Amino acid sequence: MSTENLPQTPGQPSRKPRVAVVFGGRSSEHGISVVTAGAVLNAIDRTRYDVLPIGITREGRWALTADEPARMAIVDRRPPDVEELAEAAEGGVVLPVDPANREVVYSEPGSVPKALGEVDVVFPVLHGPYGEDGTLQGLLELSGVPYVGSGVLASAVGQDKDYMKRVFTSFGLKVGPYVVIRPREWERDRSAARKRIVDFAGEHGWPLFVKPARAGSSIGITKVDGLAGLDEAIEEARRHDPKILVEAELRGREIECGVLEFEEGPRASVPAEIPPPDTHAYYDFEAKYIDSTPGLVPAPLTAEETAEVRRLAVEAFEAASCEGLVRADFFLTEEGEFVINEINTMPGFTPISMFPQMWQATGVSYGELVDRLIESALRRSTGLR
């Protein structure tokens, strides 16, 4: 790849802030991250910001990618891939781990490294491990580069459903019944681990939902109606994460609520409801992203229910020490009680995703949402805060 057309370091002090949109990554949510990046790149106001798209391949290479949002879409039910967008088959982007130097460098084998200019803020739209879980946030903290979204601790808590539920419980938020099977437990004594799950089902009933503890986008989740499908469900979850979570079914309505950080503090959007999909057993990956089961925005709730779920969403945001944005997911049980299922510190962010839709209904457009998140990150310092 020729380096003649790579972005140069602006020489004027009045240059526009440069936003690095980082996407892809090593998790099973790679393709959805690319779709999200396409939407964000399309929405960033180019009169206000310079943009540097950086894709992380499934193997972990940081690649300079084409700034072509139209290519970052699901086509024929197939999510896009960073390798298809990379400007070169080899070479990579390097972010210096030096708070005094924010200059990004591009290098290829056999070539002199090329400076791409300074990055003022990173918009990380990675989902899942190696991106949304505090790992990338830790790198950016070491580099001294501001970034959109939650910090290291909140990102890690938001990724690990086990510890997320423990945090929520400690702050008085109600969670549903669950059991965790850790890697060493399954490897050491599968019979004992399986018995724990069966005993849990005896207490709470079938079906159960078996899922990776640290994955998202409903990837690796299996609804299990009885003992016959349990081992297969465990192995499917363990393909994505050696630590698994088993949850009892909560009967009720799925309600989501967005939280966005304003200068005066976090605020909640109007909530949305996810109706049961017609062609899927539950709201799985295909129902979310391929068949695009539509949500109801705003959710048909009473004024009291709406106020309560908005209050609880902000409480969850604060309990996990989140920053920037969060989507909080709840069940409204048949008894009329809100039970929090999880938070997403970097939720799906395409224009048809629930988080932007909820804020659109609250009065914040997609473009304004992107701009607000960038501006908020530029105002926030790295380090302890």
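**View 1. Arg 182 and Asp 162 form a salt bridge, with their closest N and O atoms 3.0 Å apart.** A salt bridge is a side-chain nitrogen of Lys or Arg within 4 Å of a carboxyl oxygen of Asp or Glu. The pair links distant parts of the chain, 20 residues apart: Arg 182 lies in the loop between strand 8 (178-181) and helix 6 (183-188), and Asp 162 in helix 5 (residues 161-170). Helices (H or I, at least four residues) and strands (E, at least two) are DSSP runs, numbered from the N terminus. Asp 162 is buried at 0% relative accessibility, whereas Arg 182 is partly exposed at 30%. Buried means under 20% relative accessible area, exposed over 50%, and partly exposed in between (1.4 Å probe, protein chains only). The model is predicted: local features need pLDDT of at least 70, side-chain atom pairs count only at pLDDT 80 or more, and totals for chains, interfaces and linings use all residues. Residues are numbered from 1 along each chain as its sequence is written, and side-chain values use heavy atoms, leaving out hydrogens and water.

**View 2. Asp 160, Asp 162, Arg 166, Arg 182 and Lys 243 are linked in a network of salt bridges.** The whole structure holds 35 salt bridges.

**View 3. A salt bridge joins Arg 58 to Asp 81, with the closest N and O atoms 2.7 Å apart.** Arg 58 lies in the loop between strand 2 (50-56) and strand 3 (62-64), and Asp 81 in the loop between strand 3 and helix 2 (82-85), so the pair ties together parts 23 residues apart in sequence.

**View 4. The buried residues of helix 12 include Tyr 366, Leu 369 and Val 370.** Seen down the helix axis, the buried residues fall within an arc of 165° (taken from the directions from the axis to the C-beta atoms), so they line one face of helix 12.
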